[in-house]
Every structure is written in C-alpha cells, then in structure tokens.
Amino acid sequence: DGSFLLTTYKADDGAAVGEYSVSVTWRRADKSGKAGPNLLPASYAKGATSPLVFAVRPGDNALVLELKK
C-alpha cells in the first residue's frame, strides 16, 4: 500500500529535522519472484536526480508524493 515508517537510530524513531531528496522505485516481481525493471522514470531512482524533496519538521509529518512522467 506504500506506507512506511522512518528509522534513524532505533526502530520507528523517525528522521532528523531537515530537507531530504526522496528517491523512489517501483518494481513488479517477475514469474520467478525476482524484482523486475523500474517502472518509473529513471530520474526518480537517485536522490541526486530526483525532483522530489521533503522537509522534515518537528512533530508529526505526512509525506505525500506526486510523481509525473
């Protein structure tokens, strides 16, 4: 379903306050169960080229990503 929890030092402790590049891949398993090729544009796969940026602020944060072709 795409949900996740961030961990920095211990389980579920979140991420430090700051701005982060976000990398995303989407792979479907092939018939043998191995991950197939990335189905998203290659620029999303690396933090250095991803247009996605998220700022972690004190308190609860909600990350919503909008991917574009």
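Predicted model: local features only at pLDDT ≥ 70, side-chain atom pairs only at ≥ 80, totals over all residues.

Reply: What follows covers the ground rules, a core, a loop residue and a hairpin.

Me: Which residues make up the largest nonpolar core?

Reply: Seven residues: V22, V24, L40, Y44, L52, F54 and V56. A nonpolar core is a set of buried Ala, Val, Leu, Ile, Met, Phe, Trp, Tyr and Cys residues joined through side-chain atoms within 4.5 Å.

Me: What does V24 touch?

Reply: Not counting residues up to four places away in sequence, V24 touches L40, Y44, A45, L52 and L65. Contact means heavy atoms within 4.5 Å.

Me: Is S50 buried or exposed?

Reply: S50 is buried, with a relative accessible area of 10%. Buried means under 20% relative accessible area, exposed over 50%, partly exposed in between (1.4 Å probe, protein chains only).

Me: And where is S50?

Reply: In the loop between β3 and β4 (53-56). Strands (E, at least two residues) are DSSP runs, numbered from the N terminus. Leaving aside neighbours within four places in sequence, S50 is in contact with V22, S43 and Y44.

Me: Switching topic: how do β2 and β3 pair?

Reply: Strand β2 (residues 27-29) and strand β3 (residues 35-38) are antiparallel, over two bridges; pairing takes at least two bridges found by DSSP. A29 stands opposite A35 in β3.

Me: Which residue has a positive phi in that hairpin?

Reply: G33, near 95°, in a hairpin with five residues between the strands.

Key: Residues numbered from 1 in each chain as written. Heavy atoms only, no water. Helix = DSSP H or I, 4+ residues; strand = E, 2+ residues; numbered from the N terminus.
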